[in-house]
Every structure is written in structure tokens, then in C-alpha cells.
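Me: I would like to go through a structure with you, one topic at a time. May I begin with how some of the helices pack?

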Amino acid sequence: MDTILNYIKIAIDMEPFRLLVYLVGMIMFIAANAAYLVLLERKVAGHIQLRIGPKENGPFGILQPVADGLKLMSKQLLVPDGVDPILFRIAPVIVMVPAVMSFVVIPFSDTIVARNMDIGLLVVFAFATINFLGLLLGAWGSRNKYAVISSARVVSQNIAYEIPMLVTIVTMVMVSGSLNLHAIVSQQLNGFWSWNLFNFKASPLMPIAFLILFVCMLAETNRAPFDIVEAESELVAGPFTEYSSMGFGLFFMAEYANIVIGACLATILFLGGWSCPFGILPGVHWFLLKMYLLIFTVIWVRWTFPRTTFYGLLNLSWKVLIPISFINLILTSAMLKVF
Amino acid sequence: MIDYCKEIFKGLKSLLIGMGITIKYCFKPVVTVQYPHESLKMPERYRGHIELVPNEENGEAKCIACGLCQKACPSGCITVDGEKPEGAKTKVMTSFVLDYTKCSLCSLCVEACTFSAIRHTRRYNLASTSKEAYIIDLKKRLEERKK
């Protein structure tokens, strides 16, 4: 057994093989997540509304994502007259690729990480911002009035929510003294109270910082109640109005991939990554458990609250989240200096 | 400043209450009927199309083909026919056809019948692709039911 493990280890140490495994694994992980989070979303939505949700395809509807995917793929990939031919075609790719790239630096456990970069956190946020550029370009290239309105909303929402998010991230970086995601988790391995969420020594406002990050994550991924970008009742489908078939499918997958990234980041920064709260068997399962709990909360929030108005959304960011995140930043830096 | 903080906390509290309600609903039993697999039983006074009432003795129709229902029907859906066999006291109904395409379920025929020989069914899944499916031979239905 040991010799086999050794051989596997040697094989995994081989760089091209390792890269291939991670590439395929990650794309599969993202695709599976995108497909089955849609099912989870519909199931949770159903039960919150006292109905069942998809149930006809396979037991408990577990084949529903397959049916959805086949349906999307069998549709015509329509490029309407008058759209910008280049922007319209590459926008879904621009949205999807950064979402996949961000997974490169995310440590799922002590050993499972594609590339343990020292600037991991920066990489994730650099790529996360490109997502919005893709939405903007796709919407602008669609030559559709609803898409153009939504592109304006994408930009203003992005500006409004990037600030509190990044300020919170800066606070976290000051607390942990590293941009390396692996190092950030390594500081939180000593049980429940060593998680950054309860790091009251660094700042008494840590749970609030977590809340700010969570709210910003909802807004960054255009999730309800902040989904004014694709508010169906006023903007048809927002930036995706003119998209059909897998062009639309890519946007959709990217949205769920971004939710997964957001949940991963919140887990790493605040909930101790792969560490176990009771010190039993730390590992990738704990990471996934925390991540999916957060994702469940995202879905739960979506089916609880109605969509905010555009002004409500901007007011929340500029009047509440940004001041509080700055207070947290100043307080944390002061506490770090004093203690 | 105090008002500002108060508002934030009030808002946060109400959000949490809302989430509490939805999570409670999430684990409640579902209330929907899974329609093609199961369907609701209609209540006693539901008005489906009419049918003939059998008498208790031999299961034959109570109807004596008096034609009151046919006269009472404002849309002319009902066509009753009967004959008087040799030596019999009453007429015997030979055909009772309901044209359900015209029927508005007004129940006037049921009220007009002095023998309580017709009543409403509780059938409601009556989709069909042809018009002929709604011209219902009630006598035949009664005989089929008898078996």
C-alpha cells in the first residue's frame, strides 16, 4: 500500500501531470457545482414556498441539471443583427475564464491546492473584477436597451461594493499579515475560537466584518436581494437579454462559480478553511461543509428578501457598509499597534 | 448618529426575523398536490356533468323519460327518448344523451327532475382532443357502471 502511495506521490509531483489533474478536476468541480447548485436553488426555493421543486427527472430530480444542460446545448446560438460581433462572442468567455482562474489559488485542504501563491488573495480579487468587465462588454455589445441599462448598473454596483469588500480584505490581511491563502488558514487551525470570525483580539468588529464581506459577496455575484442588474421585471434578463444557448449557459455557470469562489473566500478568511471547530479530522470535508453552508445561506437569502431598489442598494453601500468597514479598518490597525 | 445605528440594528433584526420565517417554512411539509400522479377528490356538492341515478332494486335508471329535464335545460343539451312497452304502467327511457359542449352546469335539470333520477358527478379531468368525446351517452355510462 505504501509503495503504491509513494508512486502516486511521485506521479503527482510530476508537474505536467499535476497541472492536468488540477485543470480537469477544477473545471469538473465548477461544472458540477454550477449544475447542481441550480438544482439545490430550485429545491430550496420550492421548499421555502411549500412545494417540492423539480422531481420528475430521476429520483428527487437529480437528473434535472442534465436535462437543463442538454436543452441549452440543443438550442440555436443566436447572434442577432447589429450586435458587436467580437464583444458579443467573447463576453461569455471573459466572464467564465476568470471564475475558473480564481480556483487556482484556493486551498481546499492542507495539500489540495493548485498553486500556493504568495499573492493568492490578490489573484482572486484581480480576477473577480474582470467578471464585471465581461458583463459590461457583453451587455454593451448586445445593442439592446435593457442590456445597456443593466451595464450601467453593473458598473455602479461594482464600484459601490468593491470598496467595502476590499477594505474588509485589507483588514483581514493586516490581521493575518499575509496574502497567502494557505498561510491565512494556517493561523486559524486551533479550534473554533482561533477562527478569524472570533478574533476579538484583533478587532471587536470581526463578526460584522464577516457580515460585510458576505453582503458584498451577494452584491458582487449579482444575487438577490442585490440582483438589480438582471431585474427580470424591468430589464428582461439584464446583460443576458440577447444571449441564447450556451452563451447564456456560460454566464449562468460563471454566476454560480463566482458564488462558490465567494463562499470559499469567506470560509478561508473567516471560518478557518479546512480546520475543524473541535479539532477532529481536519480536511477537505470541513472546507466543503463550511462552503456549502455559506452557499445554502446565499440561496436562503435569495428566497427570503425581495429585490432592493437601485437607490437602496447604493445607499446601503455608501452610507452603511463603507463607513463601518473603514471604522473596522482603523480600529483593527489601532488594536494591532497597541497590543 | 444614534438614530443611524438604531436603524441599522432594526433593519438587521427584521432581516433575521424574515430569514427565520423562511427556514421554518423550508422544513414544513409541502402543500401542493403532485397533480398527474395524484389528484384531489372533489367535495360532495361539486357540480360535474350530470349522470343517471340507478334505482336500488335492479340498478336500472330511475328515469321515466318524462322529458322535464330536456324542457328545463336552457341550452338544449339533453336529449331524452323513451317508449311505452305493451302493458307497462310507465314509459321506459331508451336513450339519454348529454351534449356537454353546451352545458353550463346550471343544475336546472337536476332541480326539474321530480324523480331525483339525475345528479351531478364529481368528474373533472375531462380533457380530450375531439368534440365527440363530450357528447356523452348517459344510458351507456350507467350500464357500464353497473358492471
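Me: At what angle do H4(A) and H10(A) pack, and how far apart are their axes?

Reply: This is a predicted model. In it, helix H4 (residues 85-102) and helix H10 (residues 245-270) of chain A pack at an angle of about 30°, and their axes are 9 Å apart.

Me: What does that make H4(A) relative to H10(A), roughly parallel or roughly antiparallel?

Reply: H4(A) is roughly parallel to H10(A), because angles under 35 degrees count as roughly parallel. H4(A) passes H10(A) in a left-handed crossing.

Me: Which residues make the contact?

Reply: On the side of H4(A), they are Pro92(A), Val95(A), Met96(A), Ala99(A) and Ser102(A). H10(A) contributes Gly247(A), Leu250(A), Phe251(A), Met253(A), Ala254(A), Ala257(A), Asn258(A) and Ile261(A).

Me: And how many of those are nonpolar, polar or charged?

Reply: The contact of H4(A) with H10(A) has 10 nonpolar residues, 3 polar residues and no charged residues.

Me: Now for H5(A) with H10(A): what is the angle there?

Reply: H5(A) and H10(A) pack at about 150°, with 12 Å between their axes. These two helices are therefore roughly antiparallel to each other, since angles over 145 degrees count as roughly antiparallel.

Me: Is the crossing of H5(A) and H10(A) left-handed or right-handed?

Reply: The crossing of H5(A) and H10(A) is left-handed.

Me: Which residues meet, and of what class are they?

Reply: Val124(A), Ala128(A) and Asn131(A) in H5(A) meet Ala254(A), Asn258(A), Ile261(A) and Leu265(A) in H10(A). By class, 5 residues of this contact are nonpolar and 2 are polar, with no charged residues.

Me: Let us change topic. What domains does chain A have?

Reply: The domain assignment gives domain 1 (1-74) and domain 2 (83-338) in chain A. The C-alpha centres of these two domains of chain A lie 21 Å apart.

Me: What about the domains of chain B, and how far apart are their centres?

Reply: Chain B is divided into domain 1 (1-31) and domain 2 (50-146). Taken over C-alpha atoms, 59 Å separate the centres of these two domains of chain B.

Me: How many residues of chain A are in contact with chain B?

Reply: On chain A there are 12 residues in contact with 11 residues of chain B. The elements that give two or more residues to the side of chain A that touches chain B are H2 and helix H11 (284-302) of chain A. The largest share of that side, 3 residues, comes from H2(A). This side of chain A divides into 9 nonpolar, 2 polar and 1 charged residues.

Me: A last topic: what is the phi of Arg143(A), and where is that residue found?

Reply: Arg143(A) has a positive phi of about 50°, although it is not a glycine. Arg143(A) is found in the loop between helix H5 (120-141) and helix H6 (145-176) of chain A. Arg143(A) has 16 other C-beta atoms within 10 Å, so it is partly exposed.

Me: And Ser116(B): buried or exposed?

Reply: Ser116(B) is exposed, with 9 other C-beta atoms within 10 Å. This residue is also not a glycine and has a positive phi of about 50°. Ser116(B) lies in the loop between helix H3 (108-112) and strand S4 (118-120) of chain B.

Me: Where is the place of Gly53(A), and which residues does Gly53(A) touch?

Reply: Gly53(A) is in the loop between H2 and H3 of chain A. Not counting residues up to four places away in sequence, Gly53(A) touches Arg42(A), Lys43(A), Ala45(A), Gly46(A), His47(A) and Gly61(A). Gly53(A) is partly exposed, with 19 other C-beta atoms within 10 Å.

Key:
Residues numbered from 1 in each chain as written. Chains lettered and ligands numbered in written order. Predicted model: local features only at pLDDT ≥ 70, side-chain atom pairs only at ≥ 80, totals over all residues. Domains from an automatic or database assignment. Contact = placed C-beta atoms within 7 Å. Helix = DSSP H or I, 4+ residues; strand = E, 2+ residues; numbered from the N terminus. Nonpolar A, V, L, I, M, F, W, Y, C, P; charged D, E, K, R; others polar. Axes fitted to C-alpha atoms, helices over the stretch in contact; angles between N-to-C directions. Parallel < 35°, antiparallel > 145°, perpendicular 65-115°, else oblique. Left-handed = near helix turned anticlockwise from the far one by under 90°. Buried ≥ 20, exposed ≤ 12 C-beta atoms within 10 Å, placed from the backbone.
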